[in-house]
Amino acid sequence: MRTKNTLPLQHSRRLRSGTIAVAVALSGLLTFTACGSNSTSTSESSSAPSGGGGNGTVGVILPETATSARWESFDKPMLQQALRAQGFDADVQNAQGDVQKFTTLADGMIAKGVKVLIVASINSEVGGAVAAKAKKAGIPTIDYDRLNLGGSSDYYVSFDNVRVGELQGQALITALKDKPAAQVIEIEGAPTDNNATLFHQGQLKALQPLYDSGALKLVRSQAIDGWDNQKGGSTFEQILTGNGGKVDGVVAANDGLAGAVITVLKKNGLNGKVPVTGQDATADGLKAVLRGDQYMTVFKPIKDEAESAAKLAVALAKGDTAAANALAQGVSQDPKGKREVKSVLLTPQTITRADVKQVTDAGFVKAADICGGDLKAACTELGIS
């Protein structure tokens, strides 16, 4: 079975055997993906301790920490653990948003002779260039969390990112069902991030028919360079002011941007009155959901993404293409490269206030990280402990 993950107007979700395979047998990851903020160490990534397997090393390059804490808080330790469990050492480094550093890290790993290179790129250009170098050196590469358009990686591990956006759009429709002609502002992710494009495509899949009919009114849709939360907040404020201070709902592409939007809404006495979407189920995002300032977030279990990438990397390191293909049962379109990429596309979940317990029960965020202070009563009410 193959699922399709494509760019706008191309997401047809064509099926190879008549059934949808959004999630492969591995289950369950994301922002630039979209990402908000969790408490984390901001130290630079370093090589993981030896896993004791003696099978060699898998290299991993993560993009940054400035706009999202997920890479260091979740992806790094989970990838290390998953690779060590498979008998491989994991060299996990973070480029800290620096394209030159990303390239330098890749050059070092390629020179060291890593068995496989897992790439969560800053942009498609640097990701594609790194994949080309690795391929020339005979090292398989896996695009992780975001697809490098025009690249050469044979495999891709992520979530069904069109579905992520669709969940955001559907949630906003539900929140605004009693407000005809509600005015909506969209604050989107980086225009250079393919995931942001896919999120927006999914949002429009849900929202465009209502924009067209007049049931909802789109005030403005604005992409935010670099997923910069501060810029997202100031951009939203400018749009809000230009619209006479009126807004009924906000599509925010992730929890970080949602938090910036909520800060502006608070200044205008609108927080809790205007539903705001999010993504990543970060601690801050979940607290905003519990308070009622944020209507929803999208949970993408990163542990499942990391484990999927690790299993795929192990198969490639062993030269077992059949096993790799059995894992990557989805297909993603790369229109720039005019190719189809074998993919593991995992299933995202909508999280509203009533669903927050699902995230803590999964161990993704600890109850202690979200249930203090003014949220203690809400956690008790929802059985979060």
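This is a predicted model: local features need pLDDT of at least 70, side-chain atom pairs count only at pLDDT 80 or more; totals for chains, interfaces and linings use all residues.

1. Cys-371 and Cys-379 are joined by a disulfide, with their sulfur atoms 2.0 Å apart. The separation falls inside the cut-off of 2.5 Å for a pair of cysteine sulfur atoms. By this rule the count is one disulfide.

2. The geometry and setting of this link may be read together. The angle about the S-S bond is -90°, and the link between Cys-371 and Cys-379 is left-handed. Both Cys-371 and Cys-379 are buried.

3. A separate point concerns Ser-153. This residue is situated in the loop that runs between strand E5 (141–144) and strand E6 (155–159). Is Ser-153 buried or exposed? Its relative accessible area is 1%, and Ser-153 is therefore buried, since the cut-off for that term is under 20%.

4. The surroundings of Ser-153 include a polar partner. The side chain of Ser-153 makes a polar contact of 2.7 Å with the side chain of Thr-141. Leaving aside residues up to four places away in sequence, Ser-153 touches Ala-131, Thr-141, Ile-142, Asp-143, Arg-339 and Val-341.

5. Helix H1 (residues 70–85) packs with helix H9 (residues 302–317) at an angle of about 40°, and their axes are 8 Å apart. At that angle H1 is oblique to H9, because angles under 35 degrees count as roughly parallel and those from 65 to 115 as roughly perpendicular. The crossing in which H1 passes H9 is right-handed. On the H1 side, the contact is made by Arg-70, Phe-74, Asp-75, Met-78, Leu-79, Ala-82 and Leu-83. H9 contributes Ile-302, Lys-303, Glu-305, Ala-306, Glu-307, Ala-309, Ala-310 and Ala-313.

6. The second pair is formed by helix H6 (residues 229–242) and helix H7 (residues 255–267), whose axes cross at roughly 45° and come within 8 Å. H6 and H7 are therefore oblique to each other. H6 passes H7 in a crossing that is right-handed. Which residues make this contact? From H6 they are Asn-229, Gly-232, Gly-233, Phe-236, Glu-237 and Leu-240. From H7 they are Gly-256, Leu-257, Ala-260, Val-261, Val-264, Leu-265 and Lys-267.

Technical notes
Residues are numbered from 1 along each chain as its sequence is written. Side-chain values use heavy atoms; hydrogens and water are left out. Helices (H or I, at least four residues) and strands (E, at least two) are DSSP runs, numbered from the N terminus. Buried means under 20% relative accessible area, exposed over 50%, partly exposed in between (1.4 Å probe, protein chains only). A polar contact is a pair of N or O atoms within 3.5 Å; within protein, one must be able to donate a hydrogen and the other to accept it, and residues adjacent in sequence count only if both atoms are side-chain atoms. Contact means heavy atoms within 4.5 Å. Axes are lines fitted to C-alpha atoms, for helices over the stretch in contact, and angles run from 0 to 180 degrees between N-to-C directions. Angles under 35 degrees count as roughly parallel, over 145 as roughly antiparallel, 65 to 115 as roughly perpendicular and the rest as oblique. A crossing is left-handed if the near helix is turned anticlockwise from the far one by less than a right angle, and right-handed if clockwise.
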